[in-house]
Amino acid sequence: MGRIKNLLFIILGIVIYALAVVMFLLPNGLITGGTTGLGIAVEHYFHIDLSVFVFGFSALFRMVHFSFFHIAASVLCVLSLVFQLLAIRFCKNHAYEWLH
């Protein structure tokens with residue numbers, strides 16, 4: 001039961017993160033630090049989708065994660081990364097409907 005609760009909180013956090021990026025950062029032209037900030041800048045200047053950049057950039061760090069941590073933690077990180085990609089894409093595709 002504890003693992004399911006943990007997974008649900010991770011999913012909730014990812015959804016809140018995706019909504020914040022799509023509904024506050026992108027419309028106002030704000031760039032934050034970290035992978036998301038780099039992704040916003042790359043999307044603006046090079047027209048590479050934010051979710052694709054964040055997924056690819058984070059995947060590099062996940063490879064390092066695999067070599068240092070337990071496989072269960074690494075699998076959870078990869079699953080959260082995939083869900084993050086899907087959440088950002090979903091929110092970007094439906095943000096206009098939510099805002100208007």
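Leu79 lies in helix H4, which covers residues 71-99. The model described here is predicted. In this model Leu79 is exposed, because its relative accessible area is 53% and exposed means over 50%.

Gly56 is partly exposed, with a relative accessible area of 35%. In sequence, Gly56 and Leu85 are 29 residues apart. In space, 9.8 Å separates them, C-alpha to C-alpha.

The overall fold can be set out next. The secondary structure of the protein chain consists of 4 helices and 0 strands. Read from the N terminus, the order of elements is α-α-α-α. The C-alpha trace spans about 40 × 30 × 20 Å along its principal axes. The protein chain has 100 residues, and 27% of them count as buried. Contacts across the sequence were also examined. Among contacts between residues at least 6 apart in sequence, 52% join residues at least 24 apart.

Helix H2 takes part in two of the helix pairs considered below. H2 covers residues 34-46. With 13 residues at 1.5 Å a residue, H2 should span 18 Å. The C-alpha atoms at its ends are 18 Å apart, so the two values agree. Several residues of H2 are buried: Thr36, Gly37, Gly39, Ile40, Val42 and Glu43. Just after H2 comes His47, which takes a positive phi of about 60°.

Helix H1 covers residues 2-28. The axes of H1 and H2 come within 13 Å and cross at roughly 45°. That angle makes H1 oblique to H2. The crossing of H1 and H2 is right-handed. On the H1 side, the contact is made by Tyr17, Val21, Leu25 and Leu26. On the H2 side, Thr36, Ile40 and Glu43 take part. By class, the residues of this contact divide into 5 nonpolar, 1 polar and 1 charged.

The second pair is H2 with H3. Helix H3 covers residues 50-68. At what angle do the axes of H2 and H3 cross? They cross at roughly 135° and come within 9 Å. H2 and H3 are therefore oblique to each other. Their crossing is right-handed. H2 contributes Thr35, Thr36, Leu38, Gly39, Ile40, Val42 and Glu43 to the contact. H3 contributes Leu50, Phe53, Val54, Phe57 and Ser58. The contact of H2 with H3 has 7 nonpolar, 4 polar and 1 charged residues.

The two contacts can be read together on H2. Thr36, Ile40 and Glu43 are among the residues that H2 brings to the contact with H1. Thr36, Ile40 and Glu43 are also among those that H2 brings to the contact with H3. These residues of H2 are buried.

Terms used
Residues numbered from 1 in each chain as written. Predicted model: local features only at pLDDT ≥ 70, side-chain atom pairs only at ≥ 80, totals over all residues. Heavy atoms only, no water. Axes fitted to C-alpha atoms, helices over the stretch in contact; angles between N-to-C directions. Parallel < 35°, antiparallel > 145°, perpendicular 65-115°, else oblique. Left-handed = near helix turned anticlockwise from the far one by under 90°. Contact = heavy atoms within 4.5 Å. Nonpolar A, V, L, I, M, F, W, Y, C, P; charged D, E, K, R; others polar. Expected span 1.5 Å × (residues − 1). Buried < 20%, exposed > 50% of the residue type's maximum accessible area, 1.4 Å probe, protein only.
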